[in-house]
Amino acid sequence: MTLIAAPTVRVKSWTDHGELHRLVMGLFQSANLPGETNEKRATSNILFRVDEASTGKVLLVRSDIAPTNLPRGAQTKAVPQQVLEAGEAIRFRLTANAIRRSRPVTPDVKRGVGISPVENVAEWVTNKLAGAVEDVTLFSHNRSVVTSGKSALQLDIVDGYGLVHDPEVLQQLLKTGVGRSKAFGCGLLTVARA
């Protein structure tokens, strides 16, 4: 995990997640990342989100490979895999792109057509965490609309509680993320014991 405080990086707009994607990918030596050019982020499970701290905005980055082009003051540490057990109570934070696709993408239907925001975010999160976390309760939800560089991007930041159902499935979600738009600051799930 890498934590970067806002004042240490040059960002024109913290609501332009296309710009934030380029910033995050610039933290890594592209040649050192496995996979094809357009798959390097996913292959290395690079996820990020913008959080608010008492000192201001921070960029939290999770990746399989440590970043090498860090700004001064950035903190990176290897976070050991949490050993959570089935039935254990956890609290979590997730920034997600909580949308539903009503029509499948086909050659005749363009990507983005038939997409709508979910009304019941608690139900959406419960379904996305199914198999990993049960008895999900959200205690905080904040929805905002930012840009992914070309188009609008809906961000749902949720905080909640739950019980670990399957620790291995949960570990996979922590590693690969939840939902869509992972390249643009969505999908990063973090957990702690409650």
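So, the ground rule for counting: a salt bridge here is a side-chain nitrogen of Lys or Arg within 4 Å of a carboxyl oxygen of Asp or Glu. Before anyone asks, this is a predicted model, where local features need pLDDT of at least 70 and side-chain atom pairs count only at pLDDT 80 or more, while totals for chains, interfaces and linings use all residues. Residues are numbered from 1 along each chain as its sequence is written, and side-chain values use heavy atoms, with hydrogens and water left out.

How many salt bridges does the structure hold? Eight. I'll walk you through a few.

Start with Asp51 and Arg93, whose closest N and O atoms are 3.3 Å apart. Asp51 sits in strand E2 (residues 47-53) and Arg93 in strand E5 (residues 89-96), so this pair ties together parts that are 42 residues apart in sequence. Quick note on those labels: helices (H or I, at least four residues) and strands (E, at least two) are DSSP runs, numbered from the N terminus.

Are these two buried or exposed? I'm calling a residue buried under 20% relative accessible area, exposed over 50%, and partly exposed in between, using a 1.4 Å probe and protein chains only. Asp51 comes out buried, at 10%, and Arg93 partly exposed, at 26%.

Arg93 has another partner, too: its side chain meets that of Asp159 in a salt bridge, 2.7 Å from N to O. Asp159 is in strand E9 (residues 152-164), 66 residues from Arg93, and Asp159 is buried, with a relative accessible area of 10%. Bring in Arg49 and you've got a network: Arg49, Asp51, Arg93 and Asp159 are linked by salt bridges.

Elsewhere, Glu88 pairs with Arg193, with closest N and O atoms 2.4 Å apart. That one links distant parts of the chain, 105 residues apart: Glu88 is in the loop between strand E4 (75-76) and E5, and Arg193 is in strand E10 (residues 189-193). Arg193 is partly exposed, at 44%.

Last stop, helix H4, residues 167-176. Its buried residues are Leu170, Gln171, Leu173 and Leu174.
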